[in-house]
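Please keep the sequence and the view at hand while going through it.

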Amino acid sequence: MLLIPTGRRGGSERFHASSPSELTVLPLGHAALAYLLYTSHVLSQTRRRPQYLALVPLAIGSQFPDLIDKPLAYLGVLTYGRSLAHSVFTFVFVSGAVWWGATTLRTRWPDTSWQGRLRGLTPVAFASGYLSHLLGDLYGPAAAGSANVRFVLYPVYVIPRAAGDDIAPWIRLIKIYREMGTHPQLELILLALVVFVGLHRWED
Ligand SMILES: [Zn+2]
């Protein structure tokens with residue numbers, strides 16, 4: 001997996017940041033990792049490619065922790081951009097809530113309608129995307145031997161504020177995606193695209 005170095009605290013490249021030796025996964029990298037892990041799971045269980053509808057909750061789950069924590073850290077509500085929604089406790093709670101919601105709605109639509117199929121696919125796809133995000137974020141600090149891996153135990157452990165959290169998440173993303181040719185995790189994203197196209201053609 002190709003990852004990029006995070007920025008220096010207070011330095012000109014500080015928009016990724018927590019420690020100079022850590023690596024970080026960006027949104028498209030999270031999406032690609034989620035797709036590959038979920039596809040492996042579905043293929044091993046059913047010998048069929050994932051249903052396209054499942055990719056919606058999968059994509060949402062794969063971005064969910066950052067959609068919550070990055071803006072809240074920027075606004076000063078959270079101390080660190082990987083805390084509340086990056087916690088395994090929140091993962092269990094939110095995934096359980098999604099599962100409960102999907103179960104509650106089981107009689108609302110016929111199972112053969114797109115809404116019924118989406119309802120049935122959502123709990124596992126969302127939780128898979130969410131879990132893959134946590135795994136992707138753990139990779140950098142774990143590879144660097146950093147104590148920042150403890151972000152998954154928030155609020156038992158609270159990681160101190162990082163310089164990157166002072167930069168608006170949307171500014172950070174604009175800076176990153178301005179240069180798509182050098183996008184980190186490009187190999188992972190291309191692999192996910194190849195698998196997606198390959199499975200599509202294989203089943204047709
Ligand atoms: Zn994250």
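This is a predicted model: local features need pLDDT of at least 70, side-chain atom pairs count only at pLDDT 80 or more; totals for chains, interfaces and linings use all residues.

1. The axes of α1 and α4 are 9 Å apart, and the two helices pack at an angle of about 125°. Angles of 65 to 115 degrees count as roughly perpendicular and those over 145 as roughly antiparallel, and α1 and α4 are therefore oblique to each other. On the α1 side the contact is made by G29, H30, L33, A34, L37, Y38 and H41, while α4 supplies A125, S128, G129, S132, H133 and G136. Sorted by type, the residues of this contact of α1 with α4 comprise five nonpolar, eight polar and no charged.

2. The residues that make the contact are P27, H30, A31, A34, Y35 and Y38 from α1, together with L58, A59, G61, S62 and Q63 from α2. The residues of the contact of α1 with α2 divide into seven nonpolar, four polar and no charged.

3. Which residues touch the most other members of the largest nonpolar core? They are A32, Y35, L58 and A125, in a core of 35 residues. The elements that give two or more residues to this core are α1 (27-46), α2 (55-74), α3 (88-104), α4 (114-144) and α6 (186-203), and α1 gives the most, with eight residues. As for L58, leaving aside residues up to four places away in sequence, L58 touches A34, Y35, Y38, A125, S128 and G129.

4. Two details of the backbone deserve a careful look. Y154 and P155 are joined by a cis peptide bond, with omega about 5°, and P155 has its place in the loop between α4 and α5 (169-177). R47, in the loop between α1 and α2, has a positive phi of about 60° although R47 is not a glycine. Is R47 buried or exposed? R47 is exposed, because 7 other C-beta atoms lie within 10 Å, and a residue counts as exposed at 12 or fewer.

How values were computed: Residues are numbered from 1 along each chain as its sequence is written. A nonpolar core is a set of buried Ala, Val, Leu, Ile, Met, Phe, Trp, Tyr and Cys residues joined through C-beta atoms within 7 Å. A residue is buried if 20 or more other C-beta atoms lie within 10 Å of its own, exposed if 12 or fewer, and partly exposed in between; C-beta atoms are placed from the backbone. Helices (H or I, at least four residues) and strands (E, at least two) are DSSP runs, numbered from the N terminus. Two residues are in contact if their C-beta atoms, placed from the backbone, lie within 7 Å. Ala, Val, Leu, Ile, Met, Phe, Trp, Tyr, Cys and Pro count as nonpolar, Asp, Glu, Lys and Arg as charged, and the others, Gly among them, as polar. Axes are lines fitted to C-alpha atoms, for helices over the stretch in contact, and angles run from 0 to 180 degrees between N-to-C directions. Angles under 35 degrees count as roughly parallel, over 145 as roughly antiparallel, 65 to 115 as roughly perpendicular and the rest as oblique.
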